[in-house]
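Hi! I went through this one and jotted down some points for you, in the order I'd look at them. Have the picture open while you read.

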Amino acid sequence: MALTLYVDTARWRAHHKHVQEQFPGLVPVCKGNGYGFGHERLAEEATRLGADLLAVGTTYEAARIKDFFGGDLLVLTPYRRGEEPVPLPDRVVRSVSSIDGVYGLVGARVVIEVMSSMKRHGISEQDLPQLHQAIENVRLEGFAIHLPLDRTDGSDAVEEVIGWMDRLRAARLPLHTMFVSHLKADELARLQQQFPQTRFRARIGTRLWLGDHEATEYHGAVLDVTRVSKGDRFGYRQQKAASDGYLVVVAGGTSHGVGLEAPKALHGVMPRAKGVARAGLATVNRNLSPFVWGGKQRWFAEPPHMQVSILFVPSDAPEPRVGDELVAHLRHTTTQFDRIMDR
């Protein structure tokens, strides 16, 4: 009995091809937990797409993935002097976001990140005069810019990239390749048309692997079902059942990421109101689970355990049976499955 990730493989791969057609020179991204699929599986899918370069988050990820992917690997986390050395092959390309970082990678293949409106990391315009000498002792693979997802100020992503292209060109720095993130297909086409001598390569993870929500689905298997009456005590904390119903033990607990949620940016009154309502219910130990039964998301009977969750299903709902599977609305990037099944 397991928490299973089911994949409609043909549909999933058709989406990959569609994204690849929209973004020529696509660089697939495989980082974190492999967007819920695992590093090995995404390395296999990147190979199937014919990708010559796979982006990973850290040097530790590169060390693991190098045995599953035969092309080049781009480490997205910028190099810092003093970081723990990780043995990596020459086909690994390091990102750098400072002049000092460039000087610290003599002989290495590097991509230089410029500071975008994200203001996360990157070289500044004031750094450009120093780059000429710094890049003499590295193998420059290109520049990169990581753009924000939302532009609440109405600014234009393409104009931001053009601004940096103009600065780099004015500084007489090589512009053969520019790696970009979070651009739309038409925006990438506009840039390629304006700068035909530069190859623009989009680094894409979420849109590539998770862009078709109907292609994947998590299911948790029912392990046990116990009928309870109103007032019966149960669980670690011996709470009382609020009404007649069933305690349903389902595969999927904290070790899988069930009950864990990444913070979300809320826009608008209604999402904020729902967030306040959920917080209020949580203060009285009422937490909605991600598991669906009888067409409704069901409440946790108590906080999820390490490998299972206990749900409360009221008596007016269909009685679950051992071996049934409940659909689970889980976030891919925070979930670890027991098994993955293609269908």
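1. Let's start with a question: among contacts in the chain between residues at least 6 apart in sequence, what percentage join residues at least 24 apart? The figure is 67%. Keep in mind as you go that this is a predicted model.

2. Now the overall picture. The chain has 343 residues, and 47% of them count as buried. Its C-alpha atoms fill a box of roughly 75 × 45 × 40 Å along the principal axes. If you count up the secondary structure, you get nine helices and 18 strands.

3. The accessible surface of the chain is about 17,500 Å², and carbon and sulfur atoms account for 51% of that. As for charge, there are 42 positive side chains and 40 negative ones, with the centres of the two sets 3 Å apart.

4. S3 runs parallel to S4 (residues 72-75), and four bridges join them. To find the spot on screen, look for Leu54, which stands opposite Leu73 in S4.

5. S2 (residues 27-28) pairs with S9 in the parallel sense, over two bridges. Val27 has Arg203 in S9 as its bridge partner.

6. Look for Phe179 here: it stands opposite Arg201 in S9.

7. How does the chain get from S8 to S9? What handedness does the β-α-β unit made by S8, helix H7 and S9 have? It's right-handed, with H7 covering residues 185-194.

8. One last thing about S9: why is this strand largely enclosed by the rest of the structure? Five of its six residues (199-204) are buried, so the strand has the rest of the structure around most of it.

Definitions and conventions
Residues are numbered from 1 along each chain as its sequence is written. This is a predicted model: local features need pLDDT of at least 70, side-chain atom pairs count only at pLDDT 80 or more; totals for chains, interfaces and linings use all residues. Side-chain values use heavy atoms; hydrogens and water are left out. Buried means under 20% relative accessible area, exposed over 50%, partly exposed in between (1.4 Å probe, protein chains only). Two strands pair if DSSP finds at least two bridges between them. A crossover is right-handed if, with the strands pointing away from the viewer, the path from the first strand over the helix to the second runs clockwise. Contact means heavy atoms within 4.5 Å. Accessible areas come from the Shrake-Rupley method with a 1.4 Å probe; for residues, only the protein chains shown count as cover. Lys and Arg count as positive and Asp and Glu as negative; His and the chain ends are not counted. The place of a charge is taken as NZ of Lys, CZ of Arg, CG of Asp or CD of Glu.
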